[in-house]
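Here is a short note to read beside the model. Please keep the sequence and the 3D view open while going through the points.

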Amino acid sequence: MDTYTVHLAMAALIGASLVAVSAYYMHRKTLSQLLEFAKTVEREEEVSDGEWPQYSKKRRAHHSRRKGNGYYRRGSTSLPDVTMISGGIDGEEKRNGPVHVDGIPPGLPRLHTLPEGKSGGHATSAKRSGNLIRPTSPKSPVASASAFESIEGSDDEDNMTDNSKIDTTYLCTNGNAGPNLPDHINATGEAMQITASSMIRSHSVSGDLHGVQPDPIAADILRREPEQETFARLRISPTEVPSPDEVEVYVVLQECLEMRKRYVFKEAVAPWETEVISDPSTPKPNPEPFFYAPEEKSDHYFEMQDGVIHVYANKDSKVELFPVADATTFFTDLHHILRVIAAGNIRTLCYHRLNLLEQKFNLHLMLNSDREFLAQKSAPHRDFYNVRKVDTHVHHSACMNQKHLLRFIKSKLRKEPDEVVIFRDGTYLTLKEVFESLDLTGYDLNVDLLDVHADKSTFHRFDKFNLKYNPCGQSRLREIFLKQDNLIQGRFLAELTKQVFSDLAASKYQMAEYRISIYGRKQSEWDQLASWIVNNELYSENVVWLIQIPRLYNIYKEMGIVTSFQNILDNIFIPLVEVTVDPDSHPQLHVFLKQVVGLDLVDDESKPERRPTKHMPTPDQWTNVFNPAYSYYVYYCYANLYTLNKLRESKGMTTIKFRPHSGEAGDIDHLAATFLTAHNIAHGINLKKSPVLQYLYYLAQIGLAMSPLSNNSLFLDYHRNPFPMFFLRGLNVSLSTDDPLQIHLTKEPLVEEYSIAASVWKLSSCDLCEIARNSVYQSGFSHALKSHWIGKEYYKRGPDGNDIHKTNVPHIRLEFRETIWKEEMQHVYLGKAIIPEEVV
């Protein structure tokens with residue numbers, strides 16, 4: 001290597017060394033300046049924040065980090081920074097006594113700290129304006145509401161304050177806070193320092209944790225009383241003053257609501273007034289549900305006039321005891337409702353009010369979802385799985401899942417192959433012979449061959465959906481296994497029903513209202529059904545019954561079974577009035593009616609029909625082959641049921657509510673007819689097409705038993721279902737299964753319905769529990785059971801009627817719902833609404 005090269009290398013080395021040394025000193029000088037600047041800023045902040053001198057000294061002392069003795073620093077987002085001991089507390093305690101964190105009383109849980117390496121941050125509230133309007137609450141380690149993320153900048157340090165200081169915090173629409181601010185916030189909205197002891201909240205009596213250090217967040221939640229709930233309430237300021245045009249609309253809406261009150265049957269004496277529940281324990285099951293005690297016949301006399309039953313005190317009396325609106329009046333009122341829902345100005349106003357309701361709920365969630373979740377955590381034992389939930393709409397013939405039906409069929413084919421089960425083509429056939437005629441064996445059967453599950457082929461094809469009730473596509477198998485009026489007197493269906501009852505009893509917290517058919521072809525159908533129920537002892541504390549009436553007049557007329565629509569009404573309602581007047585005339589029916597809570601109308605609503613006029617033919621004049629319109633069925637079922645309920649109530653018997661299918665498809669006037677007459681309805685998805693009817697259903701709080709999975713198979717894709725929109729706006733909605741045999745895949749179809757809705761629509765635990773509570777409200781179970789399931793005073797409005805220990809629904813949610821609903825009612829009634837304290 002020549003000398004020039006060596007000299008060049010040495011020069012490069014020396015130059016690089018000089019650059020490195022100079023860079024080191026420049027970097028060191030810069031860091032020193034930054035540290036000095038940071039200390040200066042920190043001192044200025046401490047002085048400006050008005051810290052107590054002793055606290056300021058302690059915090060500066062804790063800012064020094066020790067390296068030699070195993071100490072390290074962790075930042076907490078909930079509390080001022082403290083110095084913790086890594087793995088050496090026990091040893092230090094033995095030498096120097098208990099180690100106390102500054103500002104925290106002894107005996108309380110340790111601070112909740114961040115993982116090592118993460119700083120807690122000490123940004124003041126002046127830098128985060130969102131903290132002023134966000135209620136402070138201990139934040140859950142997990143997300144509290146899946147639909148909404150946390151507000152940006154709201155750290156845990158602002159959420160561990162005393163709840164009593166924000167009782168009067170309100171949010172106004174102009175973005176300003178209410179007049180009363182928490183003690184730790186000054187008039188300009190800046191946060192003032194508070195001591196650590198005031199930020200920790202513990203209800204421990206002795207302070208002795210017996211050497212165990214629980215998680216502080218969980219411990220604080222479990223100690224808290226759920227009734228001590230505070231939250232940000234929404235208040236619109238100034239109060240809205242309706243314009244003259246809006247006043248006219250509100251007057252029309254008032255008329256519609258008052259019209260409904262004139263039609264809907266209401267008990268003269270509420271059940272909570274006649275039966276006072278003093279014992280909060282579980283009601284004892286009825287040991288003899290089918291016991292019949294003879295009752296005397298009353299002197300009532302009845303006759304059918306123009307399709308409606310008229311009841312008199314005796315045969316000689318001419319004064320009708322329970323008058324009901326005649327058909328002309330009903331159809332006139334129905335046409336008035338239809339004119340109202342078609343008016344453009346009314347549609348616009350109702351659409352605006354519904355959107356406002358939705359946005360109010362969204363804002364409520366943004367402000368209070370964390371508090372709702374915390375309130376749920378504080379309710380011991382309860383969660384979504386062990387709150388009562390009722391399947392408010394399920395058809396009995398499809399109440400089992402397909403795997404259950406398959407196992408049952410295989411079991412009967414293996415155990416009872418020689419049982420004579422059907423009479424076909426002049427021959428009695430055994431179960432084995434039936435399957436041989438179908439060229440099937442028990443080994444061949446599987447779920448796919450059973451072919452009872454709805455698929456793409458059933459969408460908008462109600463006829464194909466009904467064919468799914470035939471196992472393996474064979475009507476004879478449906479007659480054998482899914483009918484009660486067959487050769488074996490429905491024994492197989494009864495055994496299958498008892499197995500479903502057993503599954504419900506095992507789940508304990510799931511109930512069902514099974515719909516079973518009365519066709520109206522003959523009056524003896526009632527006695528056949530009652531004897532099937534009583535003889536097979538089909539009773540469960542988890543089950544009540546509804547009667548569904550298929551709208552099949554045109555088929556019966558073509559078959560020659562009936563001559564006029566009046567025949568169907570006679571076959572359905574005359575036996576019911578007979579057994580009410582004289583229970584001895586149908587003793588089994590009398591016993592069965594104690595378990596019947598509702599009457600339903602079912603069939604394909606999408607069939608085209610002519611809208612009824614004000615002057616329609618009477619039922620005995622309806623002799624053509626065309627099926628009457630939906631509202632025609634509704635009126636005559638409603639009118640006869642109203643008279644029947646008045647008669648049964650006068651004799652101290654149970655009543656039957658009108659709860660038809662409505663709004664699944666077809667014309668909007670279906671929903672208008674049920675608005676006037678029904679207590680609750682099934683489906684109601686067509687309400688999304690009419691903002692006026694939707695707003696009226698909200699104001700009247702008419703129950704909607706919705707079945708999104710069923711709609712997805714028949715009429716409406718799941719993602720287009722209005723259920724989440726209805727729920728946000730405050731309509732009285734519940735989830736139901738409709739047809740588990742055709743729709744669901746698991747052993748618990750109701751939980752499957754809830755789980756899919758929660759996943760797709762991001763419903764929180766609070767949402768699910770509110771929906772479950774609604775289902776109990778809508779159901780026809782007894783007053784005693786409802787008192788046990790959702791609270792002794794469940795019949796009161798808002799939080800007064802709520803027991804979070806039973807429903808797991810926070811008072812926050814129910815107070816919000818009640819407040820908003822009352823505001824809407826006062827808005828519609830122009831400040832003159834008379835709102836009863838009890839749910840009617």
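1. In which loop is Gln489 found? Gln489 is in the loop between helix H15 (475-481) and H16. Helices (H or I, at least four residues) and strands (E, at least two) are DSSP runs, numbered from the N terminus.

2. This is a predicted model, in which local features need pLDDT of at least 70 and side-chain atom pairs count only at pLDDT 80 or more, while totals for chains, interfaces and linings use all residues. Residues are numbered from 1 along each chain as its sequence is written, and side-chain values use heavy atoms, with hydrogens and water left out.

3. Gln489 has a phi near 55 degrees, a positive value in a residue other than glycine. Its relative accessibility is 63%, so Gln489 counts as exposed (over 50%; buried is under 20% and partly exposed is in between, with a 1.4 Å probe and protein chains only).

4. Asp603 also has a positive phi, near 155 degrees, and is not glycine. Asp603 lies in the loop between S12 and helix H21 (630-650). At 13% relative accessibility, Asp603 counts as buried.

5. An open sheet is formed by five strands in the order S7-S10-S11-S12-S13, with parallel pairing (two strands pair if DSSP finds at least two bridges between them). Strand S7 (389-395) and strand S13 (657-658) are at the edges with a single partner strand each, so one side of each has no neighbour in the sheet.

6. Strand S11 (residues 543-550) and strand S12 (residues 596-602) run parallel and are joined by six bridges. Ile547 stands opposite Leu599 in S12.
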